[in-house]
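Visitor: I have a model open and would like to go through some of its details with you. Could you put it on screen so that we can start with a single residue?

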Amino acid sequence: MDITALAARNPDHWARAACIRTLTLDAVAAANSGHSGMPMGMADVATVLFDKHMSFDASTPDWPNRDRFILSAGHGSMLIYSLLHLTGYADMTLEQVKNFRQLGAITAGHPEFGHATGIETTTGPLGQGIANSVGFAMAEEHLRARWGSKIIDHYTYCIAGDGCLMEGISQEALALAGRQELSRLIVLFDDNDITIDGKVEIADRTDQKARFAASGWDVFECDGHDAADIDRAITAAKASPGPAMIACKTHIAIGSSAQDTAKGHGALTDAQVVADTKAAYGWTHAAFEIPADLKAWWEGVGSKGAGARAEWEARFAALSSGKQAEFTRTFAGEIPKKLSAAIKALKKQLSEDQPKLATRAASENTLKIINPILTETMGGSADLTGSNNTKTADMGVFTPENRAGRYVHYGIREHGMAAAMNGMALHGGVRPYGGTFMCFTDYARGAMRLSALMGVSVQYVYTHDSIGLGEDGPTHQPVEHLAMLRATPNTLVIRPADAVETAEAWEVALSQPRTPTVLALSRQGLPTVRTEHKTKNLVAQGAYVLADAEGKRQAILMATGSEVAIALAARDLLQAEGIGTRVVSMPCWELFEAQDEGYRKRVLPGGPVRVAVEAAIRFGWDRWIYGERGKRDKGGFVGMDGFGASAPADELYKHFGITPEDIAAKVKSLL
């Protein structure tokens, strides 16, 4: 294409967009690593978007009613870093741009939430950003209904590429957005026909515009290098009554010798290529140099939203003090003090009544206490509401007709649900939780990992947590999933033993400001094992002595979830034979590991035989069997060493040797 003619058509716009392109070229060359082509190709779209449409104030990056910008094509991270630097975000200094991809810099290889203001979510794993954006837009719709359009009324803009749209999660996300008619969601598709391996056509022939339209989106298109056409398309998309996609026809690595090639996707680091490309742009300035007039123009873009922000602050100040406090509390993620008292009262009642309940049912009962107090919760399920027990009567269903509803029917979209919940949590003002069968963490895993990496407090309600689900068989029976989840940094995995521990587990989960929680819940009914009321939250300690040895302590049984009651029955058998046995409930390894050594030593002293009991694989248990003063010749495990089978739960526990008798035999073999 004729770059000279393109630049001459709108020289002011061209020079402004060239700031993004040249910063990208310089940063990638300095790092000798990165992705140059996408920021170069989408610089025109980004310039028009930020100049004419985005409502934000760079001096107040956490303004609740700002428009959100999500770079789903996170490999093109220099696009957002350039925008943040140019528009005047205080932390995105030129020095940070120069240290692109270097240790300690906030300019990581892919944008990371929490590293720099203005980065709304961590992207890079393709498809996650567009799925997050659906959650952002859902939160906006709900909060607009709750607080009114004078307080919440903004757009979510997302730039996505061919890679994002090839990932399966994108279909889950865009189908959900189409069904929910998310009118403030606009996806800008970088339609450049290039992937790492070559032309898109070598792997895909999907008509993306038709695909979005079939899913309920309004579809627009524009020349991604024509400022006026870009402005026209965005203006039209903003008027859409539902979600909108704009197919922006662009040239990857525009103006370089790698334009429109797979090479253009990656790092353009050759000095001659960089020099020739800048020459094609008519750019004569030194590396990382932005002329003062252009920097001033961009900083004007970053400050033009100050007026809208000040007007919003005036409207917010006009709210009653109670509404202001509640709004501030929900966006800060703070818990009302009365929740703790309500949980304590529930625990006392459960210890007195001693119901036999599946922990999934106990979770529902706890939510009946939580949801009326934490009115910012938004629950949901991936088409398993009746099985996950995630809906309470007070919530109402979130639909286009009822934006005030707090329960989302996600459909059979576990991955899309998890990613949307990340977006909701990151938006602020809502607390998302969602359910599915625990085995289907396999489907949700990509988004769950990002929950942990970003440090967002999302609650995953995963029921049917073991062979105890019974007849559905090994396709649905998780055996390796607890180990997988426990291996994930910054994730709490809580497997409660009864209704009391379940109530405590919810209290712990909701109190985590920067950590997601998995609640692993049973299908089958479990007896109450916490029969003596304690006001203290024992789950918060991770593990505790549930029943101590009578007489000389010779054995310690460690168990989680549904196997705690089995361990207690084994203790009865052993005590009857004069073998003093302690039972330790270990609902959350991560919390127990965080306790001081003195406490851990009191719970797991050296000396006695140790046997761990869990209807899952052994992986990870050796930390507690042999570590923490344990001995290799005095430790054992009772649980699974392979996949499950299809049969009633009671038969399966006998078949796989997870019974009181098997546990007692294991202990005696080690004495």
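Visitor: Is Arg 406 buried or exposed?

Guide: In this predicted model, Arg 406 has a relative accessibility of 7%, and because buried means under 20% relative accessible area, Arg 406 counts as buried.

Visitor: Where does Arg 406 lie?

Guide: Arg 406 lies in a loop, namely the one between α17 (385-388) and β9 (407-409).

Visitor: Which backbone oxygens does its side chain reach?

Guide: The side chain of Arg 406 reaches the backbone oxygen of Asn 371 at 3.0 Å, and the side chain of Arg 406 also reaches the backbone oxygen of Thr 375 at 3.3 Å.

Visitor: And what is Arg 406 in contact with, leaving aside neighbours within four places in sequence?

Guide: With those neighbours left aside, the contacts of Arg 406 include His 142, Leu 374, Met 378, Asp 394 and Phe 398, and Asn 371 and Thr 375 are also among them.

Visitor: Let's switch to another loop. Where is Gly 266 found, and what is it in contact with?

Guide: Gly 266 is found in the loop between β7 (244-249) and α11 (271-281), and, neighbours within four places in sequence aside, Gly 266 is in contact with Gly 34, His 35, Ser 36 and Gly 37.

Visitor: Is Gly 266 buried or exposed?

Guide: Gly 266 has a relative accessible area of 18%, and so it is buried under the 20% cut-off.

Visitor: How far apart are Gly 266 and His 75?

Guide: Along the sequence Gly 266 and His 75 are 191 residues apart, while in space they are 9.0 Å apart, taken C-alpha to C-alpha.

Visitor: Now the strands. What order do they take in the open sheet of five?

Guide: The five strands of that open sheet follow the order β14-β16-β15-β17-β18, with mixed pairing. The edge strands, each pairing on one side only, are β14 (544-547) and β18 (635-640), and from one strand to the next the twist averages 30°.

Visitor: What does β15 pair with, and over how many bridges?

Guide: Strand β15 (residues 553-559) pairs with strand β16 (residues 580-585) in the parallel sense over six bridges, and five bridges join β15 to β17, again running parallel. Met 558 stands opposite Val 584 in β16, and Met 558 also stands opposite Ala 612 in β17.

Visitor: Why is β17 described as largely enclosed?

Guide: Strand β17 (residues 609-617) is largely enclosed by the rest of the structure because eight of its nine residues are buried. β17 also pairs with β18 in the parallel sense over six bridges, and Val 613 stands opposite Val 638 in β18.

Visitor: Stepping back, how many helices and strands are there, and what is the radius of gyration?

Guide: The secondary structure comes to 27 helices and 18 strands. The radius of gyration is 28 Å, which agrees with the value near 26 Å that a compact globule of 671 residues would have, and the C-alpha atoms fill a box of roughly 95 × 55 × 45 Å along the principal axes.

Visitor: What percentage of residues count as buried, and what percentage of contacts join residues at least 24 apart?

Guide: Of the 671 residues, 62% count as buried. Among contacts between residues at least 6 apart in sequence, 78% join residues at least 24 apart.

Visitor: Last one: where does Asp 12 lie, and how far is it from Leu 521?

Guide: Asp 12 lies in helix α2 (residues 11-31) and is partly exposed, with a relative accessible area of 48%.

Technical notes: Residues are numbered from 1 along each chain as its sequence is written. This is a predicted model: local features need pLDDT of at least 70, side-chain atom pairs count only at pLDDT 80 or more; totals for chains, interfaces and linings use all residues. Side-chain values use heavy atoms; hydrogens and water are left out. Helices (H or I, at least four residues) and strands (E, at least two) are DSSP runs, numbered from the N terminus. Buried means under 20% relative accessible area, exposed over 50%, partly exposed in between (1.4 Å probe, protein chains only). A polar contact is a pair of N or O atoms within 3.5 Å; within protein, one must be able to donate a hydrogen and the other to accept it, and residues adjacent in sequence count only if both atoms are side-chain atoms. Contact means heavy atoms within 4.5 Å. Two strands pair if DSSP finds at least two bridges between them. Axes are lines fitted to C-alpha atoms, for helices over the stretch in contact, and angles run from 0 to 180 degrees between N-to-C directions. The radius of gyration is taken over C-alpha atoms; the globule rule is 2.2 Å times the number of residues to the power 0.38.
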